[in-house]
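Here is a short note for a colleague who is opening this structure for the first time. Please read the points with the model on screen.

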Amino acid sequence: MARTKLIDPRRTVLVAVLAAAGLLATTACSRLADTVPATSGDPSHSPVAMRLDKPEKLLGSWNESVDRRLRKPAMEDTDGFRKLLKGEPTSAVGTAYTPVEEQYSRELGVHRPGDNRVILVNGVSGTVTAPDAALSHVFAARPAITDVVPVPPGPLGGVAGCGSSQSKDGLTKFCTWVDDHTIGMVTFIGFPQSDDQHDMFRQIRAEFEHRAP
């Protein structure tokens with residue numbers, strides 16, 4: 001009788017996270033997309049400086065991950081965004097959140113029982129001279145992210161777009177926003193393909209982006 005190979009969902013999600021990190025860390029190239037995949041919010045430039053700060057809880061109940069395999073790649077992924085700023089960043093974030101409380105065991109290490117969804121958030125703040133071009137640059141530098149569409153950026157304005165990457169481990173959704181002071185990306189891993197994360201993306205952005213003191 002043939003043996004059935006079991007797939008560990010924890011490994012599948014970790015592979016997806018590492019693959020997403022690889023896409024995010026792609027060095028920005030000089031080629032810009034022919035069409036900027038963005039939808040503008042308030043077309044006026046905001047004179048108010050903004051910064052990015054991590055909420056203790058995301059979406060009211062998601063916990064920041066303690067798993068270094070998730071958090072370290074997310075933080076390293078901010079390097080590509082720093083290059084799109086004029087001058088030095090005033091803040092930078094790179095982290096991961098999970099919907100369940102993580103547990104640790106000697107056999108499994110850090111794991112998430114019952115729900116393997118992960119949200120990565122990374123970004124920088126500073127001075128962005130051309131938000132539309134910066135958003136186009138983000139996606140043009142990551143050709144593995146396809147089906148990019150403009151999405152409303154929400155009340156904070158700027159421009160935003162979302163795309164996805166399909167692999168043998170499932171669909172990963174990427175949503176990016178850019179305004180005069182911030183560049184950020186939210187990556188959704190392990191979500192059902194039928195889910196629409198656009199509203200969640202705007203809420204997450206609002207929880208990270210704040211007026212600078």
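How many helices and how many strands does the chain have? The chain has 5 helices and 12 strands. Keep in mind that this is a predicted model.

1. **The chain as a whole.** The chain has 213 residues, and 48% of them count as buried. Its accessible surface comes to about 11000 Å². Carbon and sulfur atoms hold 53% of that surface. Now take the contacts with a separation of 6 or more. Residues 24 or more positions apart account for 72% of these.

2. **The sheet.** In what order do the strands of the open sheet run? The order is E2-E3-E4-E7-E11-E10-E9-E8, 8 strands with antiparallel pairing. At the edges stand strand E2 (57-58) and strand E8 (146-150). Each has a single partner strand, so one side of each is left without a neighbour in the sheet.

3. **Strand E7 and its partners.** E4 and E7 run antiparallel and are joined by 7 bridges. In this pairing, Val93 stands opposite Gly123 in E7. Tyr97 stands opposite Ile119, also in E7. Toward E11, E7 has 8 bridges, again antiparallel. There Val121 faces Val186 in E11.

4. **How E7 is covered.** Is E7 mostly covered or mostly exposed? E7 is mostly covered, with 8 of its 8 residues buried. In a regular strand the side chains alternate between the two faces of the sheet. On one side of E7 are Val118, Leu120, Asn122 and Val124. On the other are Ile119, Val121, Gly123 and Ser125. Both faces are covered, and all these residues are buried.

5. **The largest nonpolar core.** This core has 18 residues. Those with the most contacts inside it are Leu58, Ile119, Val186, Phe188, Phe201, Ile204 and Phe208. Which elements give two or more residues to this core? They are strands E4 (91-98), E7 (118-125), E9 (159-167), E10 (170-178) and E11 (182-189), together with helix H5 (198-208). The largest share, 3 residues, comes from H5. A second, separate core has 15 residues, including Leu135, Val159, Phe174 and Ile183.

6. **Phe208 and its contacts.** Set aside the neighbours of Phe208 within four places in sequence. Phe208 is then in contact with Arg51, Leu52, Asp53, Lys54, Pro55 and Leu58, among others. Its contacts also include Val93, Thr95, Tyr97 and Val121.

7. Helix H4 (residues 131-140) lies across E8, E9, E10 and E11. H4 runs at about 0° to E9. H5 packs on the sheet too, touching E2, E4, E7, E9, E10 and E11. The direction of H5 makes about 50° with that of E10.

8. **How enclosed H4 is.** Why is H4 described as largely enclosed by the rest of the structure? Because 8 of its 10 residues are buried. These are Pro131, Ala134, Leu135, Ser136, His137, Val138, Phe139 and Ala140. They pack against helix H3 (78-82), E8, E9, E10 and E11.

9. **The disulfide.** A search of the whole structure finds 1 disulfide. It joins Cys162 to Cys175, with an S to S distance of 2.0 Å. The link is right-handed, with 115° about the S-S bond. Cys162 is in strand E9 and Cys175 in strand E10, 13 residues apart. Are these two cysteines buried or exposed? Both Cys162 and Cys175 are buried.

10. **Two backbone angles to check.** Most residues other than glycine have a negative phi. Leu59 has a positive phi, near 55°. Leu59 lies in the loop between E2 and strand E3 (62-64). Asp147 also has a positive phi, of about 55°, although it is not a glycine. Asp147 lies in strand E8. Asp147 is exposed, with a relative accessible area of 61%.

11. **Gly60.** Gly60 is placed in the loop between E2 and E3. Why does Gly60 count as exposed? Because its relative accessible area is 62%, and exposed means over 50%. The C-alpha atoms of Gly60 and Pro99 are separated by 10.0 Å. Along the chain, Gly60 and Pro99 are 39 residues apart.

Note on methods
Residues are numbered from 1 along each chain as its sequence is written. This is a predicted model: local features need pLDDT of at least 70, side-chain atom pairs count only at pLDDT 80 or more; totals for chains, interfaces and linings use all residues. Side-chain values use heavy atoms; hydrogens and water are left out. A nonpolar core is a set of buried Ala, Val, Leu, Ile, Met, Phe, Trp, Tyr and Cys residues joined through side-chain atoms within 4.5 Å. Buried means under 20% relative accessible area, exposed over 50%, partly exposed in between (1.4 Å probe, protein chains only). Helices (H or I, at least four residues) and strands (E, at least two) are DSSP runs, numbered from the N terminus. Contact means heavy atoms within 4.5 Å. Two strands pair if DSSP finds at least two bridges between them. Axes are lines fitted to C-alpha atoms, for helices over the stretch in contact, and angles run from 0 to 180 degrees between N-to-C directions. A disulfide is a pair of cysteine sulfur atoms within 2.5 Å. Accessible areas come from the Shrake-Rupley method with a 1.4 Å probe; for residues, only the protein chains shown count as cover.
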